[in-house]
Amino acid sequence: SYFTLLADDLELVMARYGSAARLAGGLQIGAMRLLGFVPFDLTTAPSDVVGFVAEQIGVGAASLADYSTRDQTRSDHVADVERLLGFRRADRGDLKSLGDWLVERALEHDRPSVLFRLACEHLRSEQIVRPAVTTVERAVVSARQRATNETYIRLAPQLDQQHRDRLSELLVVDSDLGVTPWIWLRRQAPTAAPGSIKEQIAKIDLLREVGADQLDLTMLNPNRVRHLASVGNRSTAQAIQRLAPERRYQILAATVASTLIDRTDEVLDLFDISIA
């Protein structure tokens, strides 16, 4: 459907001189609709797409190889397609709006590939020509950093110095445990024996001591909380210590809150199994 040429499309295409330019015009129109930009090298288009467009125009698919490589010719042709479809080039204001929009998405999804795809879809829906890949990449990187800062700002009122100190102590090796409490807290019980249940209850007590039961994370998107907790569960204590404080404490807060839920559910399940 993107490459089906309408009456206005055909009028623009047929006004060009030569079969190669006409075929390129049809492909440029379809690409702008589908991708939000026109690829520089049209010969990379799938052969079935080229054939579909060529049939509508009445030219041979092989003629695409003769399309002019002059930058000025291509720029003029692409500009004509943009005007036809109502697309415009991004200005500084558009890029700022894109950045602000991406921050909200970054508070939900932290994966760069997801944010890049969402940015391209947003630009296309706004009929803004997608700028260079590096421009979109910079917008994604900036949005992720701003989302990290915004997350910490929302959590900061609950993380006073005393609370941060207690969280940091989880990253230090405990002589009695032989490991850091950070590792110990995440270990599941091997059996439903009374000793295992008591150990898991001890973990719940420690999590409450560091304030895990007092943290209110409802101001964060649930996806953001799950992402931060997953990062914490995959990371070593040393890796978290090396992070900037803003990043470190939001990961610690989300992970201990999630771990408290996990250990509580686990103790209830173990108790049921033990009684049975």
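**View 1. Helix α2 packs against helix α3 in the predicted model.** Helix α2, covering residues 19-35, and helix α3, covering residues 47-57, have axes that lie 9 Å apart and form an angle of about 120°. The two helices, α2 and α3, are therefore oblique to each other, and α2 passes α3 in a right-handed crossing. On the α2 side the contact is made by Arg22, Leu23, Gly26 and Leu27, which meet Val49, Val50, Val53, Ala54 and Ile57 of α3.

**View 2. Helix α7 packs against helix α13.** Here helix α7 (residues 133-155) meets helix α13 (residues 245-275) at an angle of about 60°, and the axes are 9 Å apart. Because of that angle, α7 is oblique to α13, and the crossing of α7 and α13 is left-handed. From α7, the residues Thr148, Thr151, Tyr152 and Leu155 are in contact with Pro245, Glu246, Arg247, Tyr249 and Gln250 of α13. The contact of α7 with α13 is made up of four nonpolar, three polar and two charged residues.

**View 3. Helix α8 crosses helix α13.** Helix α8, which spans residues 161-169, has an axis that comes within 10 Å of the axis of α13, and the two cross at roughly 75°. This angle makes α8 roughly perpendicular to α13. Arg164, Leu167 and Ser168 are the residues of α8 that meet Tyr249, Leu252, Ala253 and Val256 in α13. Among the residues of this contact, five are nonpolar, one is polar and one is charged.

**View 4. Arg105 lies over the face of Trp101.** In this view of an arginine and a tryptophan, Arg105 is placed at 4.7 Å from the centre of the ring of Trp101.

**View 5. The charged end of Lys203 sits over the ring of Trp184.** The distance from this charged end of Lys203 to the centre of the Trp184 ring is 5.3 Å. As for pairs formed between aromatic rings themselves, the structure holds zero of them.

Key:
Residues are numbered from 1 along each chain as its sequence is written. This is a predicted model: local features need pLDDT of at least 70, side-chain atom pairs count only at pLDDT 80 or more; totals for chains, interfaces and linings use all residues. Side-chain values use heavy atoms; hydrogens and water are left out. Axes are lines fitted to C-alpha atoms, for helices over the stretch in contact, and angles run from 0 to 180 degrees between N-to-C directions. Helices (H or I, at least four residues) and strands (E, at least two) are DSSP runs, numbered from the N terminus. Angles under 35 degrees count as roughly parallel, over 145 as roughly antiparallel, 65 to 115 as roughly perpendicular and the rest as oblique. A crossing is left-handed if the near helix is turned anticlockwise from the far one by less than a right angle, and right-handed if clockwise. Contact means heavy atoms within 4.5 Å. Rings of Phe, Tyr and Trp (its six-membered ring) pair if their centres lie within 6.5 Å; planes under 30 degrees apart count as stacked, over 60 as edge-to-face and the rest as tilted. A charge sits over a ring if NZ of Lys or CZ of Arg is within 6 Å of the ring centre and within 35 degrees of the ring normal. Ala, Val, Leu, Ile, Met, Phe, Trp, Tyr, Cys and Pro count as nonpolar, Asp, Glu, Lys and Arg as charged, and the others, Gly among them, as polar.
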